[in-house]
Amino acid sequence: MSAPLATAPAAPAPVPAPPIFKVDRLTVAFPERGGTEVAPIVDFDLVVEAGRITCLLGPSGCGKTTLLKALGGFVVGRDTGGVVYRGRYLTEPTPDIVMIFQEHNLFPWLSVRGNVGFGLRHSPGEPAARRARLERMLGTVGLAEAAGRYPHQLSGGMRQRAAIARALVTEPKVLLLDEPFSALDVTLRRRMHALLRAVWTETRTTMVMVTHSVEEAIVVGHRVVVLGGRPASVLLDVPTEGAAYRDRYDPAFLELQKRIESLIE
Ligand SMILES: Nc1ncnc2c1ncn2[C@@H]1O[C@H](COP(=O)(O)OP(=O)(O)O)[C@@H](O)[C@H]1O
Ligand SMILES: [Mg+2]
């Protein structure tokens with residue numbers, strides 16, 4: 001065993017990546033009973049780079065889901081600002097961007113193959129090519145053998161893998177994930193982290209993932225953004241590339257984890 005390093009190993013210089021989202025003075029307010037409103041996001045700015053995994057952390061209720069929905073065009077902010085996606089303000093959802101929720105939302109009456117293939121029903125291309133893509137995606141998430149099973153015959157991890165496959169089989173430009181693994185136990189969750197990284201390595205899909213697990217954010221993300229306050233602001237924005245952040249026992253990993261946890265508490 002080598003002696004512990006006095007300083008954290010230097011992270012490699014981040015690869016420059018073009019922005020895919022520019023959150024530009026986004027304000028989202030919800031009406032409340034009695035004529036008042038709750039505005040978790042006010043005049044909020046954030047740039048998200050293409051082809052990387054950005055993880056969002058923050059205390060419950062701080063506006064993470066609202067922000068993620070705005071990135072998907074599912075929630076549209078006040079017209080004083082908004083979300084610029086590839087140069088245009090988003091005003092509605094686009095097939096380019098898909099979102100995965102904590103609950104898998106699989107169709108119970110369709111098999112895994114049926115569920116994953118469902119996303120392809122409107123896709124262009126030859127049926128044979130689409131079928132090949134479907135089978136490849138089932139293999140990528142390790143569900144080739146279980147493709148004939150129905151959701152109730154699957155474990156929680158398998159269901160979430162099917163949901164990821166269904167989202168990715170259409171080859172979206174962006175995958176938004178809202179606490180996708182929080183219903184899974186820690187072992188399964190760590191396997192899902194490795195799977196998500198493997199899928200990213202293969203597809204280079206831009207991903208934005210909300211999580212409440214600091215470990216998950218660091219280990220999966222190329223960048224971790226910590227939100228807090230009301231309305232939400234960015235408390236910390238750190239690159240988490242580099243080998244140190246893939247190893248949850250690395251001193252640099254633990255130091256960052258501690259720093260983020262103290263911010264959120
Ligand atoms: N559709 C909605 N209608 C009314 N209030 C909402 C709605 N969605 C979210 N909120 C409120 O906005 C705030 C932020 O919610 P949310 O984005 O879900 O936070 P987080 O995902 O960080 O826990 C909370 O106070 C929540 O109650
Ligand atoms: Mg949420």
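Helices here are DSSP runs of H or I with at least four residues, strands are E runs of at least two, and both are numbered from the N terminus. By that scheme, R204 falls in the loop between helix 5 (186–203) and strand 8 (206–210). What you have is a predicted model, in which local features need pLDDT of at least 70, side-chain atom pairs count only at pLDDT 80 or more, and totals for chains, interfaces and linings use all residues. Residues are numbered from 1 along each chain as its sequence is written, chains are lettered from A and ligands numbered from 1 in the order in which they are written, and side-chain values use heavy atoms, with hydrogens and water left out.

**Aromatic rings**

- A search of the whole structure turns up three aromatic pairs; rings of Phe, Tyr and Trp (its six-membered ring) pair if their centres lie within 6.5 Å, with planes under 30 degrees apart called stacked, over 60 edge-to-face and the rest tilted.
- F21 and Y85 make a tilted pair, because their ring centres are 5.3 Å apart and their planes meet at 40°.
- That pair ties together distant parts of the chain, with F21 in strand 1 (residues 19–31) and Y85 in strand 4 (residues 82–85), 64 residues apart.
- Both F21 and Y85 are buried, where buried means under 20% relative accessible area, exposed over 50% and partly exposed in between (1.4 Å probe, protein chains only).
- F107 and F118 pair edge-to-face, at 4.7 Å centre to centre and with 70° between the planes.
- This second pair also links distant parts of the chain: F107 sits in the loop between strand 6 (97–100) and helix 2 (112–118), while F118 belongs to helix 2, 11 residues apart.
- F107 counts as partly exposed at 23% relative accessibility, and F118 gets that label at 30%.

**Charges over the rings**

- R121 lies over the face of F118, 3.9 Å from the ring centre; to qualify, NZ of Lys or CZ of Arg must be within 6 Å of the ring centre and within 35 degrees of the ring normal.
- F107 has an arginine too: the charged end of R166 sits over its ring, 5.4 Å from the centre.

**The largest pocket**

- The largest pocket holds about 650 Å³ of space. On a 1 Å grid over the protein atoms alone, a pocket is an open set of points where a 1.4 Å probe fits, with protein on both sides within 12 Å along at least five of seven lines. Grid points are joined across faces, edges and corners, and the volume is the space filled by probe spheres set on the points.
- Its lining takes in 28 residues, with V98, G119, R166, A167 and T170 nearest the centre; a lining residue has an atom within 4 Å of a point.
- Strand 6 and helix 4 (156–168) each supply at least two lining residues, and strand 6 gives the largest share, four residues.
- By class, the lining has 14 nonpolar, seven polar and seven charged residues; Ala, Val, Leu, Ile, Met, Phe, Trp, Tyr, Cys and Pro count as nonpolar, Asp, Glu, Lys and Arg as charged, and the others, Gly among them, as polar.
- Domain 1 (19–96 + 172–264) and domain 2 (107–169) each put at least three residues into the lining, with the bounds coming from an automatic or database domain assignment.

- L175 lies in strand 7 (residues 174–178) and counts as buried at 0% relative accessibility.
- G63, in the loop between strand 3 (53–57) and helix 1 (64–71), is buried with a relative accessible area of 7%.
- G63 and A232 are 169 residues apart in sequence but 6.5 Å apart in space, C-alpha to C-alpha.
- R204 is partly exposed, with a relative accessible area of 47%, and its C-alpha lies 9.1 Å from that of K173, 31 residues away in sequence.

- R230 and P231 are joined by a cis peptide bond, with omega about -5°; P231 lies in the loop between strand 9 (223–228) and strand 10 (233–239).
- D43 isn't a glycine, yet has a positive phi of about 50°; D43 is in strand 2 (residues 37–49).
- E171 isn't a glycine either, and has a positive phi of about 55°.
- E171 is in the loop between helix 4 and strand 7, and counts as exposed at 52% relative accessibility.
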